[in-house]
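Here are some exercises to work through with the model open beside you. Try each task before you read its solution.

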Amino acid sequence: MRQPCDRLWTHARIATMREGSDVVEDGAVGMQGGIISYVGPAPDAPDAAEIFDCAGRWITPGLIDCHTHLIHGGNRAVEFEMRLSGASYEEIARAGGGILATMRATREASEQELVTTALPRLDALIAEGVTTLEVKSGYGLDLSHEAKMLRAARRLGEERPISIATTFLGAHAVPPEFAGDADGYVDLLIGQVLPAVAPLSDAVDGFCEGIGFSPAQMERLFDAAARHGLPVKLHAEQLSNLHGAALAARHRALSADHLEHLDEAGVAAMARAGTVATLLPGAFYFMRDTKVPPISALRRAGVPMAIATDCNPGTSPLTSLLLAMNMGATLFGLTVAECLAGVTRHAARALGLHGRIGTLEIGKSCDLAIWNIERPAELVYRMGLNPLHARIWRGR
């Protein structure tokens, strides 16, 4: 006889999202102490103190948004108008806009203001079944304001029932006080900022581009991250090919993100390292890019592909992971199965959390999304409709 559980969701169709797994028809998910204790046929399920009849609805793992810049001050609607008039991202950045514009607004905001303004964006994602969210710093660009951003990000997990993974992105842009001295700024990050913010961070990221940081500079930062026991990830090959993805793979990065200009050598390096390709179709759409990431090459090499919103004020003001999946299919040619894996098990791997979340398996956190749909393809197919029936985080 099976051990009784605290809660049981029964009479559901279950997409466990395990690699190669089948759907469990008329299935059930049991929870004990916030952890999944049963996944399988409803007739074989254990007794439970509380039973919820799902009436044939679908259950998937709670969704995971593995790349966001949710904490920031201000917005960049003016730059959106500039781009509509023909200005490029690089032109806006070199004129003092872009990341530095958000830096100024973020430095001016208090920690509480950053939390307060982020909550509506967070609530939009939660309303679509997101149970785990990555939040990057990168708009403070000095010790006090980067730490302020990371503290604000962690406070989101106190304000709402959601798991927050924080990423230190101090190497996002060179701040004005270090204009023309990117190496000096990297020295500051390595010598002062990273040691202070490491306890607030779950990973280290950087922007490897001509308007960001060179591969050599990122190499130095990644070596420092290793000394602090922090995994790394990288914004790579978005605007050009600086071979950042291969650099990330050499450091066993959790993920390389964007990847529009990724080449075959970078794909092969990621495949060998097990580095996840995090695709950000919202930025591709919003920036009106035309070069698509090499999906076929990633698929052939067996590189896991995650999908995220890249929610940020300048290049992807997107707060819908469902729409990001639709964009991944329509703009990048991903299959429905790839899109669903991209916001569950592969997104979990991109955060280094695949042992705890991302699939419905015994021993993992009971993070569920229960949907009013006839088939999972509807989660990718529809635009602007949210079919979420219920969201369960850690069993509640």
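**Exercise 1.** Work out at what angle helix α6 and helix α7 pack.

*Solution.* Start with the elements: α6 covers residues 182–197 and α7 residues 215–227, where helices are DSSP runs (H or I, at least four residues) and strands are E runs of at least two, numbered from the N terminus. Next, take the axes, which are lines fitted to C-alpha atoms over the stretch in contact, with angles from 0 to 180 degrees between N-to-C directions. They lie 10 Å apart at about 5°. Because angles under 35 degrees count as roughly parallel, α6 and α7 are roughly parallel. Finally, list the contact (heavy atoms within 4.5 Å): Val186, Leu189 and Ile190 are among the α6 residues, and Leu221 and Ala224 among those of α7.

This is a predicted model, in which local features need pLDDT of at least 70 and side-chain atom pairs count only at pLDDT 80 or more, while totals for chains, interfaces and linings use all residues. Residues are numbered from 1 along each chain as its sequence is written, and side-chain values use heavy atoms, leaving out hydrogens and water.

**Exercise 2.** Decide whether proline 376 is buried or exposed.

*Solution.* First, locate proline 376 in the loop between β14 (368–371) and α15 (378–381). Then check its relative accessibility: at 19%, proline 376 counts as buried, since buried means under 20% relative accessible area and exposed over 50%, with partly exposed in between (1.4 Å probe, protein chains only). Lastly, look for its partners: leaving aside residues up to four places away in sequence, proline 376 touches Trp58 and Leu340.

Definitions and conventions. Angles under 35 degrees count as roughly parallel, over 145 as roughly antiparallel, 65 to 115 as roughly perpendicular and the rest as oblique.
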